[in-house]
Amino acid sequence: GDSMTTIYNGVELNTGSSAPTHEMGPPSIICVGRLVSLKNVDLIIKAVLTIAQHNEVELYVLGDGPERQYLESLVPPESKGKIHFPGLSNDVVSWLQKSDIFVQFSSTEGLSRSIIEAAAAGLPSVVSDVGGNCEIVENNATGFVVPAGNLPALIDSITKLLNDRALRLKMGNKSRLRAEKLFSRRANNDRYIDLYQELLAL
């Protein structure tokens, strides 16, 4: 019969520094991407504002786009020191390595390069259950996959990771191993070679 083999596009993974280097100060959450409405960054900001009422936490919104002014307007003056908008960066990896938790809450997504990069940097992720997100993040193992648009579920999953450093490190380590195994360019090259050998043997 016909069989299908899925080979993901390889991503050049920078896994030089395996564990996040962020140790000082409150735990930090990062989201990376174009600031457009379907990314639902407004919900991430609302979640963090709610969490920040009872927890020490900071959020870094890396990226730019038409929603930026609106998103900045959601942050009340007393929370300006907790939610940061650094804009675009040429060195996303070093931002990831300074962070503790990666969040991506899009309402639609392909195979997200930024989640793969966050995993390679050793971060646990909280992501929406759309597109390829469920293939990158293994729920309850390398992070949490939550229903898209479900703000209470997003808050709950981020809070679990914030309150448990050991869980963050455990999930982050599994994330890194999974990214290397499934999504690194080397893993993909090996998979193509295996596939060609199988085809030649037919």
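In which loop does N140 lie? In this predicted model, N140 is found in the loop that joins α5 (133–136) to β6. Its phi is positive, about 65°, although N140 is not a glycine. Most residues other than glycine have a negative phi. With a relative accessibility of 55%, N140 counts as exposed, because the threshold for exposure is over 50%.

A positive phi also occurs at N40, which is not a glycine and has a value of about 55°. This residue belongs to the loop between β1 and α1. N40 is buried, its relative accessible area being 14%, since burial requires under 20%. When neighbours within four places in sequence are left aside, N40 is in contact with F105, S106 and S107. A further positive phi, near 85°, is that of G122, which follows α4.

The nonpolar interior was examined next. In soluble globular proteins, nonpolar side chains tend to be buried together. The largest nonpolar core comprises 33 residues, and I45, L59, V126 and I158 have the most contacts inside it. At least two residues of this core are supplied by each of β1 (28–32), α1 (41–51), β2 (58–62), β3 (83–87), β4 (101–104), β6 (143–146), α6 (151–162) and α7. Helix α1 provides the largest share, eight residues. Another core, of 18 residues, lies apart from this one and has Y60, V92, I115 and I136 among its members. The surroundings of L59 are formed by I29, C31, I44, I45, V48, K82, I83 and H84, with which L59 is in contact once neighbours within four places in sequence are left aside.

Strand β6 is covered on both faces: G143 and V145 are buried on one side, and F144 and V146 are buried on the other. This strand pairs with β5 (residues 125–128) in the parallel sense, over four bridges. Within the pairing, V127 stands opposite V145 of β6.

Helix α4 (residues 113–120) is largely enclosed by the rest of the structure, because six of its eight residues are buried. These buried residues are S114, I115, I116, A118, A119 and A120. Their packing partners are β1, α3 (92–97), β4, β5, α5 and α7.

The buried residues of α7 are L167, R168, M171, G172, S175, R176, A179, L182 and F183. Viewed down the helix axis, the buried residues fall within an arc of 165° and therefore line one face of α7. The face turned away from the buried side carries the exposed residues A166, K170 and K181. At the start of α7, a side-chain oxygen of D164 comes to within 3.3 Å of the backbone nitrogen of A166.

How values were computed:
Residues are numbered from 1 along each chain as its sequence is written. This is a predicted model: local features need pLDDT of at least 70, side-chain atom pairs count only at pLDDT 80 or more; totals for chains, interfaces and linings use all residues. Side-chain values use heavy atoms; hydrogens and water are left out. Buried means under 20% relative accessible area, exposed over 50%, partly exposed in between (1.4 Å probe, protein chains only). The arc is that of the directions from the helix axis to the C-beta atoms. A polar contact is a pair of N or O atoms within 3.5 Å; within protein, one must be able to donate a hydrogen and the other to accept it, and residues adjacent in sequence count only if both atoms are side-chain atoms. A nonpolar core is a set of buried Ala, Val, Leu, Ile, Met, Phe, Trp, Tyr and Cys residues joined through side-chain atoms within 4.5 Å. Contact means heavy atoms within 4.5 Å. Two strands pair if DSSP finds at least two bridges between them.
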